[in-house]
Amino acid sequence: MSTMLFISFLSLSLLLVCEYAESNLSDSMNMLQDKSLKTEDNEIEFSDFPSWSGERGVRVLVNVDSFGAVGDGVSDDTKAFGDAWKEACSTATAVLLVPPDRTYLVNATRFKGPCAENLIIQIDGTIVAPDEPKNWDPKNPRIWLYFANLKGVLFQGDGVIDGSGKKWWAASCKKNKTNPCVGAPTALTIDQSSNIEVKGITVQNSQQMNFAISKCESVRILDVLVSSPEDSPNTDGIHLTASTNIVLQNCKIGTGDDCISIVSGCSNIKMESIYCGPGHGISIGSLGKDNSTGFVTAVVLDTAFLQGTTNGLRIKTWQGGSGYVRAIRYQNVQMVDVANPIIIDQFYCDSPKSCQNQTSAVEISQIMFEDISGTSKSQNAMKFACSDTVPCNHIVLNNIYLKRSDGKAAQTFCNSVKGFKYGYVQPSADCLTQSNNDSDSFIKTFQQDELIKSHRLIHSEL
């Protein structure tokens, strides 16, 4: 098989694999700047979410103020929020309202379903967390506002969820090595839920992670702003774990950690029109810590702008792990003053102690970088630090233009990576290797891939 023919087959194959992320998206969603999602036919669509503005007459308004919430930012409104939730959750077509121009102090709370149909959570005011870690509820050390077991719920509004994280950051071992390394609450968590939309809200100053989606299916996050200071430790912007069919669209994220982190158990993820900075970039991983097994597959990032981040597009795995990352496509990404714009790191080690060399590793394959441009703060604009025993395979570069911010020559670093480049690629990636039987190997891998053999997911609620 000729090289050009194989490259064409490889590109088409990766696109087909990645369609599993795109095929589950609704073409009714609008992109930033009025660009539409390029999805295929026979896709899974999200069901229509409930509307308040168009159905005000049939809605049941549940205002937290009616349950005793004061909204002065000082009085404890936790009980009022809990009582209002019980009423709204048990009432069909309810709107749980957090009114504008008020600030509600709420302690760690679990808002659990299942709920009656067509629930809207309308957040127009500000919800703030207690700012003293020493007084945090010991029964809920890792959560603040936690929602679980929901189906068909719409979160929306112009309001703010503020984690009051300043004292938590100061107590982190990453800020001061004499501090103990302990976990801290996630500001907003949606867990074990399906057919969820989150639209328009702001999450900021989280104690640790800002916004987590865990064990969910079919979630759409639109026009969400996430903000924490650049030096706030472990404040991931949007964190996805064990979730499938997730759309992140037109989100602006600036944090002290990953803007977006995608960890084990995630598949069919589509990110579009994302702004990231400051932060640690858009990351898959970390995976494989403590010899664990991790899987991430079918992820697409289409149209993003990263500025001043410590990484750009990153895949990070620990030595000693197992599992795989495969069928990933990054396209139409611009970067300004980004360190490590493109990085695959199978030697990730976020530990105060050096990590022991191990031979097993999470397999990384079928990764495409296409139409990536911008400026790099680091000498290595592209870095592929792959395992000697479990090399990275089928890495594809197409139309890459990355130059140094300081005008010096950018470079590409390679270790144990196989793949191809075509179109314009700068800096040069001649260190990508291709063995004589790579084409046949890839075709066999493609044909046997469980992602290709499996049928499309069908969800009865959609």
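Me: Why is the link between C414 and C431 called a disulfide?
Reply: In this predicted model, the two sulfurs of C414 and C431 sit 2.0 Å from each other.

Me: What does the pair C414 and C431 tie together?
Reply: C414 belongs to strand β29, while C431 is in the loop between β30 and α4, so the bond connects parts that are 17 residues apart in sequence.

Me: Why is C431 called partly exposed?
Reply: Its relative accessibility is 30%. Buried means under 20% and exposed means over 50%, so C431 lands in between.

Me: What makes the disulfide of C386 and C392 left-handed or right-handed?
Reply: Look at the torsion about the S-S bond: for C386 and C392 it's about -95°, so this one is left-handed. For C173 and C181 the torsion is about 110°, so that disulfide is right-handed.

Me: Are C173 and C181 buried or exposed, and how do you know?
Reply: C173 has 19% relative accessibility, which is under 20%, so it counts as buried. C181 has 57%, which is over 50%, so C181 is exposed.

Me: What makes C216 and C266 buried?
Reply: C216 has a relative accessible area of 3% and C266 has 2%. Buried means under 20%, so both qualify.

Conventions. Residues numbered from 1 in each chain as written. Predicted model: local features only at pLDDT ≥ 70, side-chain atom pairs only at ≥ 80, totals over all residues. Heavy atoms only, no water. Disulfide = S-S within 2.5 Å. Buried < 20%, exposed > 50% of the residue type's maximum accessible area, 1.4 Å probe, protein only. Helix = DSSP H or I, 4+ residues; strand = E, 2+ residues; numbered from the N terminus.
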